[in-house]
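Below are my notes on the model, as numbered points. Please read them with the structure open.

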Amino acid sequence: MNFKENESAQKLRGGYYTPSDLAAFIARWVKEISPKRILEPSCGDGVFFGALAAVEGFEKTRVTGFELNAGEAEKARARSRDLGLKADIHAQDFLEWAIEHLADPLVRFDAVVGNPPFVRYQYLPEPFQDRAEQIFKEMNLPFTKHTNAWVPFILASVSLLRPGGRLAMVVPAEIIHVTHAQSLRSYLGRECRRLVVIDPEEIWFSDTLQGAVILLAEKRSNDAEEAEGLGMVPVKGREFLNLDPSDVFNMPKAINGKTVEGKWTRALLNIETRSLFDQLADHKDVHRFKDIAKVDVGIVTGANKFFLVPNETVKTYGLDKFAHPMFGRSEHCPGVIYDERQHNRNAEKGNPTNFLWFVGQEEGMSKSVREYLAGGVAQKLHTRYKCRVRSPWYTVPSVYATEIGMLKRAHDTPRLILNTIGAYTTDTAYRIRTTQIVAEKLVGAFINPLTSLSAELEGRHYGGGVLELIPSEIEKLVIPLSSNARVDLQELDRSIRTYPTYSVLDRQGQIVLGALGLSRQDQRCVLEGWRSLRDRRHRTSSEEVAFDA
């Protein structure tokens, strides 16, 4: 977990300014509707002002800008004056102003441009957290405290847009898939005639791993106008900036229905793959994860480095009585079986293979154990929230092991791990219990192109491109479970340790999807769908070779 005190001032204020060529493209697009009033809710030092001034047609346009940082707001004022732009710059919080004016029909804009702050909710000062939540309440939308600051910024901006108006913003690429943006996605789908996301392969902000996209939205002119849905424009490089923005906006075929109602990741797939996925999801031998298994978070220690230790620490402090086998990282589990042999390998490498489960009062423990606990107090671990609410602080609750584990994050595709030695897992992993199937069959069937594609559609990723799934997303995964499928778990374990993921999924597709009666061509269609989303997440291009049938 990242803590506020460890973050840079730039990251805490979300101050990553838009490259001038992207701002110019946005300015050209909104100019097409000849806007008289433009809103820039997070203008910074005025990057977009330069773009607006450089495009003919904004001479009579009035720009209203907001910038919380007084120094940056003054730079924006100076820039607007130097450029001859008619601009009113407010050195105040845009959300505070928006809450006061959302209900006023006279306060509406023809266009909104900008780059809202990329700031986590928990990093916002309390007054700004309250205002972010208030935006959701004013608009009768579900709110979660995982919400990033850019979400209420866009919500308020669209609400302040006149019917038929346009919004063009550089926003985090996570708008496509994160759960906390679902209220925003649903709202945009209802309010806008057409939505287009320009999705680059590259990272536009060199100082951050945060991927970004351009969101182009045109609000419906009236309630009777049909909402077309969402279109995706994948781009590589900056060549698209030379095109007419209107051509780019009209380029993709808009998709509606499931694609806009939930996560927008589906829109990244071609229609053939989307149709095949939906067809397979309805197959009698394909199940949702929640119907065949239950998922629970791993053990929450509150201080993993203290409670997860290597053998050397156990030996030094005589902690054998309290030490239990555990795993919690991908390097601990390179295959799909966690057994005594793998556990010993991890121990030999000096990995923290022991979970310390202290039971009883400190007074009854040996001197060396008390010394170890005193070391935790010296580090002030007992003052951490998860520890201080326990009595005593070192007694970890909800300690149990399950026959299957699953790491929370994955580089290529998630795996289930058969836990043959009853090892414990921390909250870097999930504990899985089957309800309708034996553990070995579920672990073997889980690795296949369809489930991997499902994970890409349901999961989320942030900087660095690692896939993450939370329990509610895992529950939605589709799992093919034909009685005709025969997976050799030992062979699968060796393959995962030896071969590239693409090759393993291809072979598993022949076994698991082939047992459903799926043709080799359709198996590869699903596999390529997974590959395309995996490569986008990694921001790479790949040409991988499948196994021959």
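1. Strand β15 (residues 404-407) is joined to β19 by 4 bridges, and the two run antiparallel. Across this pairing, Leu407 lies opposite Ala429 in β19. Strands here are DSSP runs of E of at least two residues, helices are runs of H or I of at least four residues, and both are numbered from the N terminus. Two strands count as paired if DSSP finds at least two bridges between them.

2. The model is predicted: local features need pLDDT of at least 70, side-chain atom pairs count only at pLDDT 80 or more, and totals for chains, interfaces and linings use all residues. Residues are numbered from 1 along each chain as its sequence is written, and side-chain values use heavy atoms, with hydrogens and water left out.

3. Strand β19 (residues 429-434) also pairs with β10, in the antiparallel sense and over 5 bridges. In this pairing Val297 stands opposite Tyr430 in β19.

4. Val295 belongs to strand β10 (residues 293-297). Val295 is buried, at a relative accessible area of 15%; buried means under 20%, exposed over 50%, and partly exposed in between (1.4 Å probe, protein chains only). Apart from neighbours within four places in sequence, Val295 is in contact with Phe289, Tyr430, Arg431, Ile432, Pro471, Ile474 and Glu475, where contact means heavy atoms within 4.5 Å. Glu475 is 180 residues from Val295 in sequence, yet their C-alpha atoms are 7.6 Å apart.

5. A separate point is the open sheet of 8 strands, in the order β3-β2-β1-β4-β5-β7-β6-β8, with mixed pairing. The edges are β3 (86-90) and β8 (229-235); each has a single partner strand, so one side of each has no neighbour in the sheet. On average, neighbouring strands of this sheet are turned by 15° against each other, direction ignored; the axes are lines fitted to C-alpha atoms, for helices over the stretch in contact, and angles run from 0 to 180 degrees between N-to-C directions.

6. Strand β1 (residues 37-40) runs parallel to strand β2 (residues 62-66), and 4 bridges join them. Glu40 has Gly65 as its bridge partner in β2.

7. How many aromatic pairs does the structure hold? There are 25, counting rings of Phe, Tyr and Trp (its six-membered ring) with centres within 6.5 Å; planes under 30 degrees apart are stacked, over 60 edge-to-face and the rest tilted. Trp97 and Phe109 form a tilted pair, 6.4 Å centre to centre with 55° between the planes. This pair links distant parts of the chain, 12 residues apart: Trp97 is in helix α5 (residues 94-101) and Phe109 in strand β4 (residues 109-114). Trp97 is buried at 10% relative accessible area, and Phe109 is buried at 1%.

8. Trp393 and Tyr394 form an edge-to-face pair, 5.9 Å centre to centre with 80° between the planes. Trp393 is buried at 12% relative accessible area, and Tyr394 is buried at 2%. Ring pairs join Phe306, Phe307, Tyr317, Phe322, Phe358, Tyr372, Trp393 and Tyr394 into a cluster.

9. Helix α23 (residues 520-538) has 19 residues and spans 26 Å from first C-alpha to last, close to the 27 Å expected at 1.5 Å a residue; the expected span is 1.5 Å times one less than the number of residues. Helix α23 is mostly covered, with 14 of its 19 residues buried. Arg539 follows α23 and has a positive phi, near 55°.
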